[in-house]
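This report concerns a single protein model. The sequence and structure are shown first.

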Amino acid sequence: ARATSARILSRMKAFVQHYVEMVIAMFAGMFAYMQVKMAFAGSASMAEHHATMSGDHMATAATAASDVASIWDRLGTISMMELSMIVPMVLWMKFRGHSWRHGAEMSVAMVVPSLPFYVIDYAWPGTFGGSLSLWSHGAMLLGMLALMIVQRDMYMGHGHAAHDHAVEPNVTVAH
């Protein structure tokens, strides 16, 4: 019973450690991106960047050309921020023994849950006020956690190498 408890605890530790490592890699990438954007775009502060990301400056519907340009700027900011989070996360997963496929799956699990929040905010600017980033990043983290729970055997410390070379269903390997 003691060995079983120790094994379960060890597997849970591996699961939590993997999740925390991915989140740290993501936020390091996001922080680096924001520093570069502020340096090149001349943003006065991270708060100003956050306001652009959250759409605080768009209290009315986008009808003027400047509003449309602002939407494209926000879309670019959001895309680059997500990319800046995905790249270090996937590289860290690869470093820890996961396949590129697993990195792609985690990237999709990260991005897809955040999309409804961006769509709602584009359709109805200002819906989330200054909390768009909070909602979208929360959705990202929950999406990643959901994937990890579904694939818990892989993320609870079982060897990644076995998963890297797994044969896809309905594929015959000649010996």
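The model is predicted, with local features requiring pLDDT of at least 70 and side-chain atom pairs pLDDT 80 or more, while totals for chains, interfaces and linings use all residues. Residues are numbered from 1 along each chain as its sequence is written, and side-chain values use heavy atoms, without hydrogens and water.

The protein chain contains eight helices and zero strands, where helices (H or I, at least four residues) and strands (E, at least two) are DSSP runs numbered from the N terminus.

| Property of the protein chain | Value |
|---|---|
| Buried residues (under 20% relative accessible area) | 35% of the 175 residues |
| Accessible surface (Shrake-Rupley, 1.4 Å probe) | about 10200 Å² |
| Carbon and sulfur part of the accessible surface | 71% |

Of the contacts (heavy atoms within 4.5 Å) with a separation of 6 or more, 70% join residues 24 or more positions apart.

Which residues of helix α5 (residues 115–123) are buried? They are Phe 117, Tyr 118 and Asp 121. Seen down the axis of α5, these buried residues fall within an arc of 95°, taken from the directions from the helix axis to the C-beta atoms, so they line one face of the helix.

Met 80, Leu 83, Val 87, Leu 91 and Trp 100 form a nonpolar surface patch of about 490 Å². Such a patch joins nonpolar side chains (Val, Leu, Ile, Met, Phe, Trp, Tyr) within 5 Å, from residues with over 30% relative accessible area and no salt bridge, the latter being a side-chain nitrogen of Lys or Arg within 4 Å of a carboxyl oxygen of Asp or Glu. Helix α3 (residues 65–95) supplies the largest share, four residues.

Note on methods: Patch = residues over 30% accessible without salt bridge, like charges linked within 9 Å, V, L, I, M, F, W, Y side chains within 5 Å. Buried < 20%, exposed > 50% of the residue type's maximum accessible area, 1.4 Å probe, protein only.
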